[in-house]
Amino acid sequence: MKSALLVIDYQNSIFIDPPAYQATMVLERIQILIDRARNARLSIIYVQHEQAGSSWQAGCETWQFPDRIAPRSGDFVSPKKCSSAFQDSTLQAHLAEHRVQKIFVCGYATEFCIDTNVRHAASLKLETVVISDAHTTRDRPHLAAHKIIEHHNWVWSELGSIRLCQSDSVQFGDD
């Protein structure tokens, strides 16, 4: 089974106004995951959110990926303008073309883009693995970020079609 690492929206914007919960720690985990995925010859797919008139505006520094995890030649970058990376994009076609059947998901924002894409991928019958300590969000008016993360990890674990795994126990490679 061919696998890919999906890095969703982990762009410089998450480090400002205020920074996402444990943003630097999650960045370090994602960097290690990318390095391990490259060593295992997995595809690395970056989803890049853009929103005009914000820190997510295409082309500005905050829209870029941090240098430590920036895409390299041969990586696939899929732009998006809404929570779903599958809507109005070539992501699904790219996965099919490369026969990817299993995705490992990490990135930002747990309750928006991560949740939307995890559920969408599972509904497409992709084997979906959420890296439970490699996604984050910000505090919201009604709930702290760590509680949002805890809640979503629990929900995904209860759905049956989605698996969770901590970053240090991810097993990459063709299973």
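**View 1. Pro18 in its loop.** Pro18 sits in the loop between β1 (2-8) and α1 (23-39); helices (H or I, at least four residues) and strands (E, at least two) are DSSP runs, numbered from the N terminus. The model is predicted: local features need pLDDT of at least 70, side-chain atom pairs count only at pLDDT 80 or more, and totals for chains, interfaces and linings use all residues. Residues are numbered from 1 along each chain as its sequence is written, and side-chain values use heavy atoms, with hydrogens and water left out. Pro18 counts as exposed because its relative accessibility is 52%; exposed means over 50% relative accessible area, buried under 20% and partly exposed in between (1.4 Å probe, protein chains only).

View 2. Which residues of α4 are buried? They are Ala145, Ile148, Ile149, His152, Asn153, Val155 and Trp156. They cover an arc of only 165° around the axis, so they lie on the same side of α4; the arc is that of the directions from the helix axis to the C-beta atoms. The face turned away from this buried side carries exposed Trp154 and Glu158. Just after α4, look for Gly160, with a positive phi of about 85°.

**View 3. A cis peptide bond.** Tyr108 and Ala109 are joined by a cis peptide bond, with omega about -10°. Ala109 belongs to the loop between β4 (100-108) and α3.

**View 4. Asp88 and its positive phi.** Asp88 is not glycine, yet its phi is positive, near 55°. Find Asp88 in the loop between β3 (76-80) and α2 (91-97). Asp88 is exposed, with a relative accessible area of 75%.
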